[in-house]
Amino acid sequence: MVSEIRDERVRSVSRLSRLLSRPELGAAAGTVLVFVFFAITAGSTGLFSAKGIVNFLEVSAQLGILAAPVALLMIAGEFDLSVGSMIGFAGILIAIPAVFWGWPIWLSLLFTFAVCGGIGALNGLAVVRTGLPSFIVTLGSLFMLRGLTLGLTRGISGRTQVSGVHELAQNDPLNSLFSGQVFTGLIAWLSDLGLIGKRADGMPSISGIPVSIVWWIALTLACTWLLTRSRFGNWIFAAGGEANAARNLGVPVARTKITLFVMTALAAALFAAVQVLVTGSADTLRGTQKEFEAIIAVVIGGTLLTGGYGSAIGAMFGALIFGVVQMGIFYTGIDTDWFKLFMGAMMVIAVLFNSYVRNRAMRSR
Amino acid sequence: MAEPYVELKSVSKYFGSVVALKDVSFDVCPGEVHCLLGDNGAGKSTLIKTLSGVYSPDEGEIRVQGKPTRFASPADTRDSGIATVYQDLALVPLMSVARNFFLGREPMRKFGPISQFDAEFANRTAYDEMSAMGIQLRDPEQPVGTLSGGERQCLAIARAVYFGAKVLILDEPTSALGVHQASVVLKLIVQSKARGIGVIFISHNVHHAYVVGDRFTLLKRGRSTGTYAKGEITRDQLLNLMAGGKELVDLEQELTKSARSGQA
């Protein structure tokens with residue numbers, strides 16, 4: 001009975017119970033719930049038409065660009081509350097040199113990414129060197145960056161808004177990286193097949209996929225690969241799970257954390273680049289509260305506030321829920337004032353659910 | 001007996017006016033379990049830290065395979081084959097067994113220009129190394145937090161052995177464990193010994209030490225009260241040599257006395 005001999009190494013853990021202990025589970029289930037809910041209440045309003053889907057995906061994408069690296073940082077056990085202010089600051093850094101000093105857009109973009117990366121490194125260094133909680137250190141940067149943004153903008157332009165970027169960006173080589181549409185040919189073809197509705201003038205209802213959605217998916221995949229398949233990912237989990245043990249085994253915990261602070265700052269700059277080039281203007285108040293929205297998306301995605309556990313895919317689901325709920329409330333005609341109540345409650349439920357899942361995972365199997 | 005792998009020769013260590021170690025000699029040979037016994041404050045920790053390269057001795061010398069050596073850092077010590085398994089074990093509870101096994105020394109696999117964590121190799125190796133120590137894992141991807149205390153010790157020891165340890169320093173490995181788990185760890189010590197590894201077993205539990213030890217060194221107030229081979233000393237003599245032995249007898253007498261005066 002050769003076929004009866006079983007290698008004892010064959011894992012006896014069922015696929016189901018393995019799946020049940022994944023951090024993304026709650027967010028995936030929540031996404032399904034939210035989709036079902038709005039399919040019933042807003043199914044006929046156009047939320048799930050091609051146009052509606054692109055609308056909510058665009059909202060999700062912007063948040064998701066932030067949430068993926070924020071998830072990595074939170075798994076490493078740190079917060080970055082400065083990303084919201086960083087968005088406003090980065091927007092101004094792109095717009096002012098371009099509008100007032102005549103820099104080409106590509107140069108002000110590179111300048112912005114460099115400065116934001118540098119500030120991210122300073123955040124990281126301050127956290128690692130002082131040993132203060134990152135919550136406090138980056139709360140400081142949150143206020144400092146917002147103040148700096150306001151002061152600089154008013155000092156240079158006399159106003160709090162800088163517009164006129166559209167005209168300058170039109171022929172810039174980097175413009176299409178951050179604004180505009182991709183897969184326009186594919187969309188036209190799908191529209192000709194009748195899979196995507198047409199407008200009255202015969203054009204497809206959407207002309208393409210906003211490039212921010214591509215950034216979102218690419219960043220999520222990159223962060224997931226980093227987390228689960230790279231050496232750096234192992235260090236992220238270890239830094240957040242048990243920093244002392246990691247240090248004793250030779251893991252460069254400080255360097256890992258500083259790198260992650262640079263990544264969240266760069267994600268904020270990317271967010272700002274997309275926003276400024278799509279809207280054509282920068283405003284000192286841009287990005288307000290985005291730090292909290294990103295944390296909500298990450299937490300809904302199953303990442304523990306205490307670090308050491310979580311996923312970037314989960315953060316993507318969190319951002320998706322955020323977009324669907326925001327646009328769904330808009331489409332159903334519910335007063336949008338209720339949106340924050342809904343998201344806040346959703347987060348608390350997600351945390352309860354996730355801590356249950358985590359305890360399940362940690363229980364002796 | 002074989003040549004000692006590592007040897008302390010009349011080592012002294014002072015912290016200001018405090019004499020932490022005075023004129024202590026200690027060594028361990030391959031395939032031997034040398035127990036270091038002593039009460040709290042006897043100097044066990046200082047001795048371990050001197051052996052593992054955290055402190056350098058103020059007097060005396062350390063020899064590795066007969067050659068006088070100065071350890072620059074704990075990493076330097078580890079590179080010369082002396083691994084210390086501290087009580088916290090340096091494990092991350094939320095991470096998988098395999099990832100803990102290779103933490104900081106991840107096996108990588110090349111896929112064209114990118115190299116990524118070789119999860120399959122890590123899982124297989126962690127599983128095999130653990131079963132070589134007599135622990136059957138249910139799943140190398142289960143979180144360390146789901147392991148029992150004995151299994152965690154096994155993981156820490158198997159990891160040290162896999163990465164080339166010739167001498168293991170085990171700091172009170174049984175002190176936080178229940179009876180059954182402690183016996184698992186004692187078996188691990190015997191296993192390591194059978195694989196030709198020299199084990200320095202630090203404990204204040206004579207019962208645990210006597211079961212697996214080949215030689216015993218007692219520390220008292222920073223001084224060695226001597227090294228005894230197993231044949232030269234009984235468990236009771238060892239117990240009496242420990243600080244607790246005499247004091248427990250005194251306490252017993254005192255208690256009987258006060259019980260009597262209570263009745264009167």
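1. A residue counts as buried if 20 or more other C-beta atoms lie within 10 Å of its own, as exposed if 12 or fewer do, and as partly exposed in between, with C-beta atoms placed from the backbone. Helices (H or I, at least four residues) and strands (E, at least two) are DSSP runs, numbered from the N terminus. A:G302 follows α14(A) and has a positive phi, near 100°.

2. A word on the source. This is a predicted model, in which local features need pLDDT of at least 70 and side-chain atom pairs count only at pLDDT 80 or more, while totals for chains, interfaces and linings use all residues. Residues are numbered from 1 along each chain as its sequence is written, and chains are lettered from A and ligands numbered from 1 in the order in which they are written.

3. Next, the nonpolar core (buried Ala, Val, Leu, Ile, Met, Phe, Trp, Tyr and Cys residues joined through C-beta atoms within 7 Å). The largest one has 174 residues. Those with the most contacts inside it are A:A67, A:A71, A:L72, A:A246, A:A268 and B:L168. Helix α13 (residues 253–279) of chain A gives the largest share, 17 residues.

4. Contact here means that two C-beta atoms, placed from the backbone, lie within 7 Å. Leaving aside neighbours within four places in sequence, A:A67 touches A:A294, A:A297, A:V298, A:A315, A:G318 and A:A319.

5. Helix α10 (residues 211–229) and helix α15 (residues 312–332) of chain A pack at about 150°, with their axes 8 Å apart. Axes are lines fitted to C-alpha atoms, for helices over the stretch in contact, and angles run from 0 to 180 degrees between N-to-C directions. The pair is therefore roughly antiparallel (over 145 degrees; under 35 is roughly parallel, 65 to 115 roughly perpendicular, the rest oblique). A:T220, A:C223, A:T224 and A:L227 of α10(A) meet A:A312, A:I313 and A:M316 of α15(A).

6. Chain B has nine helices and 12 strands. Of its 264 residues, 44% are buried. Its C-alpha atoms fill a box of roughly 85 × 45 × 35 Å along the principal axes.

7. One open sheet in chain B has four strands in the order β2-β1-β4-β5, paired antiparallel. Strands pair if DSSP finds at least two bridges between them. β2 and β5 (67–69) of chain B are at the edges with a single partner each, so one side of each lacks a neighbour in the sheet. β1(B) (residues 6–15) and β2(B) (residues 18–28) share seven bridges, and B:E7 stands opposite B:D27. Two residues lie between these strands in a hairpin, where B:G16 has a positive phi of about 60°. On its other pairing, β1(B) meets β4(B) (residues 59–64) over five bridges; B:V6 partners B:V64. Helix α1 (residues 44–51) of chain B lies across β1 and β2, at about 120° to β1(B).

8. A second open sheet has six strands in the order β6-β9-β10-β3-β11-β12 (chain B), with mixed pairing. Its twist averages 15° from one strand to the next. β6(B) and β9(B) (residues 167–171) run parallel over four bridges, with B:I82 opposite B:V167. Helix α5 (residues 149–162) of chain B packs on this sheet, touching β6 and β9, and its direction makes about 170° with that of β6(B).
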